[in-house]
Amino acid sequence: MKNKKTEANLSMIVSKTFSGLNANALKYLLPLWIAPLTGVMFRCVFAAVVFWIISLFWKQDKTTRREKITLFLLGAIGLYGFMFFYLLGVSKTTPVSSSLFSSLQPIWVFILSVIFLRERITAMKVIGIVIGLGGALLCIMTQKSDDLASDAFTGNMLCLLSSIAYAAYLIASNVVLGKVSSLNMLRYSFLGAAVSSLIVMAFTGFDGHLFSHFEWQPFLILMFVLIFPTTISYLLIPIGLKYLSTTLVALYGYIILIVATIVSLSIGQDRFSWYQMIAIALICSSVYFVEIAESKDKATASK
């Protein structure tokens, strides 16, 4: 078990590091080399193809027709919706701000759980939510549009919506995940997302400057996004969920924000801002409050 936990910790570190670099890579690509919705299509279709190829060499658990349809719809609506809002948002704001809103996902998971699953409310959780929303509001109201963020307010709001969409997808998929394998969940949900992306592309049209004016650097960055944050990262997450506590998995989400901040400031994709640093501190504190309160509730319930 000790080796499994070490493997799980390493899996989460690698997965979240890739996710942090994903924000920087997407900021480089969008919208100059690839339009956001074209980028969504590439990510969804590429991942779906890879997961289905992997499933050919991996013994699969039996999945009912109803479960397949449910996973397909989850991907077509929830997973695609998350990527739709996220890539549109990243194209308009900075990687640090987009990662900041991604860090709010545990907060939205709790709020949606209270509304739909009657999750128990405690004072510590309420404090965490208030602090987190304060950090998000600070980022939204203080960040101005400039040469690094073409429309900061709209981009931040889209990233906010993306974090809510992904939280809803997580809650719904967790209900199904207890009945199906993680690979089955990935291949059917990404299949649904891929179909949605192709339908949208039929109306919006393919828009990829990279392929009409080919250059190696943006192409290699696109391949990095497709292989590492999109495919490998999603394959590694179930390992962490299986052997680590929910609290620890949630806290690993801070790596995304740390990596995106360091890389963004280093390569000039963002500028240092005290308002942004305060917002980061508030959101990190809020997730800590909510997750620690959640772990205490589970500990109490298990006694």
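Predicted model: local features only at pLDDT ≥ 70, side-chain atom pairs only at ≥ 80, totals over all residues.

Trainee: Where does UniProt put the EamA domain feature?
Mentor: The unreviewed UniProt entry places "domain: EamA" at residues 10–139 and 154–290. Residues 10–139 are 81% helix and 0% strand, and the end C-alpha atoms of that span lie 31 Å apart.

Trainee: OK, H6. How many residues does it have?
Mentor: H6 has 20 residues, 123–142, and reaches 28 Å from its first C-alpha to its last, close to the 28 Å expected.

Trainee: Which residues in H6 are buried?
Mentor: Lys125, Gly128, Ile129, Gly132, Gly135, Ala136, Cys139 and Ile140. They cover an arc of only 135 degrees around the axis, so they sit on the same side of H6.

Trainee: And what's exposed on the other side of H6?
Mentor: Ala123, Val130, Leu137 and Met141 are exposed there.

Trainee: Switching to H5, how far does that one reach?
Mentor: H5 covers residues 105–117 and reaches 17 Å between its end C-alphas, close to the 18 Å expected. Its buried residues include Trp108 and Phe110.

Trainee: Last one, Ser55. Buried or exposed?
Mentor: Buried, with a relative accessible area of 7%. Ser55 is found in H2, residues 36–56.

Trainee: What does the Ser55 side chain make a polar contact with?
Mentor: The side chain of Arg187, at 3.2 Å. Leaving aside neighbours within four places in sequence, Ser55 is also in contact with Gln60 and Leu183.

Terms used. Residues numbered from 1 in each chain as written. Heavy atoms only, no water. UniProt positions renumbered as here; feature names shortened; annotations may be inferred. Helix = DSSP H or I, 4+ residues; strand = E, 2+ residues; numbered from the N terminus. Expected span 1.5 Å × (residues − 1). Buried < 20%, exposed > 50% of the residue type's maximum accessible area, 1.4 Å probe, protein only. Arc of directions from axis to C-beta. Polar contact = N/O pair within 3.5 Å; in protein donor to acceptor, adjacent residues only side chain to side chain. Contact = heavy atoms within 4.5 Å.
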